[in-house]
Amino acid sequence: MAAVAHLTRNLRAELGPRGVRMRNIEPGVTSTELGTGMRDAETRASLSRMRTDLDPLTAPDIAEAIAFSVAAPPNVNVAETVVVPVRRA
């Protein structure tokens with residue numbers, strides 16, 4: 001995660017003067033198929049419990065955050081966004 005954030009910052013510094021906006025969107029716990037193919041049953045169960053204990057984000061939640069950052073005026077860059085669930089289920 002840190003490597004991606006660092007790469008994004010470097011690209012922002014390099015491409016920003018050319019009018020290119022770079023964003024780093026970091027989603028929290030999300031509802032995805034990630035983990036369904038895990039061979040380790042304990043890890044798979046732990047991931048399932050985490051998603052049950054939280055009210056996970058959905059793809060539309062993340063899409064809305066991205067749309068918000070893209071809708072900023074051309075002279076504004078929403079450089080980093082961390083999107084996390086508000087409450088536990």
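Helices and strands here are DSSP runs, numbered from the N terminus. I am working from a predicted model.

**Entry 1: helix α1**
I started with α1, residues 2-15. I counted 14 residues in this helix. From first C-alpha to last, α1 reaches 20 Å, close to the 20 Å expected at 1.5 Å a residue. Which residues of α1 are buried? I found Ala-5, Thr-8, Arg-12 and Leu-15. They cover an arc of only 110° around the axis, so they sit on the same side of α1. The spacing makes sense to me: an α-helix has 3.6 residues a turn, so residues three or four places apart point the same way. I then asked what the buried residues of α1 pack against. They pack against β1 and β2. On the face turned away from the buried side I noted exposed residues: Ala-2, Ala-3, Ala-13 and Glu-14.

**Entry 2: Asn-77**
Next I looked up Asn-77, in the loop between α3 (59-70) and β2 (80-83). Asn-77 is partly exposed, because its relative accessible area of 28% falls between the 20% and 50% cut-offs. Leaving out residues up to four places away in sequence, I saw that Asn-77 touches Arg-12, Arg-21, Met-22 and Arg-23. A polar atom of the Asn-77 side chain lies 3.0 Å from the backbone oxygen of Met-22. I also checked Gly-16: 61 residues from Asn-77 in sequence, but 9.2 Å away in space, C-alpha to C-alpha.

**Entry 3: Thr-30**
Last, I went to Thr-30, in the loop between β1 (24-27) and α2 (41-53). Is Thr-30 buried or exposed? Thr-30 counts as buried, because its relative accessibility is 18% and the cut-off is under 20%. Beyond four places in sequence, Thr-30 touches Arg-51, Pro-56, Leu-57 and Ile-62.

Definitions and conventions. Residues numbered from 1 in each chain as written. Predicted model: local features only at pLDDT ≥ 70, side-chain atom pairs only at ≥ 80, totals over all residues. Heavy atoms only, no water. Helix = DSSP H or I, 4+ residues; strand = E, 2+ residues; numbered from the N terminus. Buried < 20%, exposed > 50% of the residue type's maximum accessible area, 1.4 Å probe, protein only. Contact = heavy atoms within 4.5 Å. Polar contact = N/O pair within 3.5 Å; in protein donor to acceptor, adjacent residues only side chain to side chain. Expected span 1.5 Å × (residues − 1). Arc of directions from axis to C-beta.
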